[in-house]
Amino acid sequence: MAHSPPRSGRPPIQQLQTVVDLLETPALARLYAYILQHGPVTVSEIVDELDIPQGTTYDYVQNLETAGLVEKTRDQRPYKYDAESIALTLSTDGETQTITPALIAAVARREEDEDVDVYIERHGLDSLAVALEYAYEYVDGTVNHRIAARELDLSPLEAEIILQALEPVATEYADAAA
């Protein structure tokens, strides 16, 4: 089962490849998360803030626009872009996972936080999504690292490390998760 906001008018399967690209390409994920948080923005603003080469930025914005995840909000140059929030739920053999802007923002942290990168390499994106859910509870104080460690089948140290690494994302997206 898949859900996608109706604003883009694009069926979720057409957006799926771009969402996969977002999960596999931290720079693209950072760009999407930045537009979603700060949009409408120009390509120059994105280049200045994220330090992504201009040509790559134009390519990424074009790909996201084609997929309907980013739209032009100004018809005159410099164009401004805003992002559409993603909520794509995937189900396979009884397992369900929802790809959210917060998960994409967590993936985007791979480039700037080695702990997130190591965690994804060891445990995969599904486990990162679950760890992010515990990070929300960690931030609001309802879960500590020992409970998360038990539930995630991690050592308490590894749970503490990933919860602290995800804390900025959980704090930033807490309202969306509520």
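The expected span of a helix is 1.5 Å times one less than its number of residues. Helices (H or I, at least four residues) and strands (E, at least two) are DSSP runs, numbered from the N terminus. This is a predicted model, in which local features need pLDDT of at least 70, side-chain atom pairs count only at pLDDT 80 or more, and totals for chains, interfaces and linings use all residues. Residues are numbered from 1 along each chain as its sequence is written, and side-chain values use heavy atoms, with hydrogens and water left out.

Q: How do you know that the span of α4 agrees with its number of residues?
A: At 1.5 Å a residue, the 13 residues of α4 should span 18 Å. The end C-alpha atoms of α4 are 18 Å apart, so the two values agree.

Q: Which residues of α4 are called buried?
A: Buried means under 20% relative accessible area, exposed over 50%, and partly exposed in between (1.4 Å probe, protein chains only). In α4, Thr57, Tyr60, Val61 and Leu64 are buried.

Q: Why are the buried residues of α4 said to line one face of the helix?
A: Seen down the axis of α4, they fall within an arc of 95 degrees, so they line one face. The arc is that of the directions from the helix axis to the C-beta atoms. An α-helix has 3.6 residues a turn, so residues three or four places apart point the same way.

Q: What do the buried residues of α4 pack against?
A: They pack against α1 (12–24), α2, α3, β1 and β2, where contact means heavy atoms within 4.5 Å.

Q: What makes aspartate 51 an exposed residue?
A: The relative accessible area of aspartate 51 is 70%, so aspartate 51 is exposed. Aspartate 51 sits in the loop between α3 and α4 (54–66), and its phi is near 55 degrees, a positive value in a residue other than glycine.

Q: What makes aspartate 93 an exposed residue?
A: Its relative accessible area is 83%, so aspartate 93 counts as exposed. Aspartate 93 lies in the loop between β3 (88–92) and β4 (95–99), with a positive phi near 45 degrees.

Q: What makes the peptide bond from glycine 39 to proline 40 cis?
A: Its omega is near 0 degrees. Proline 40 is in the loop between α2 (26–38) and α3 (43–50). Another cis peptide bond joins arginine 77 and proline 78, with omega about -5 degrees. Most residues other than glycine have a negative phi, and most peptide bonds are trans.
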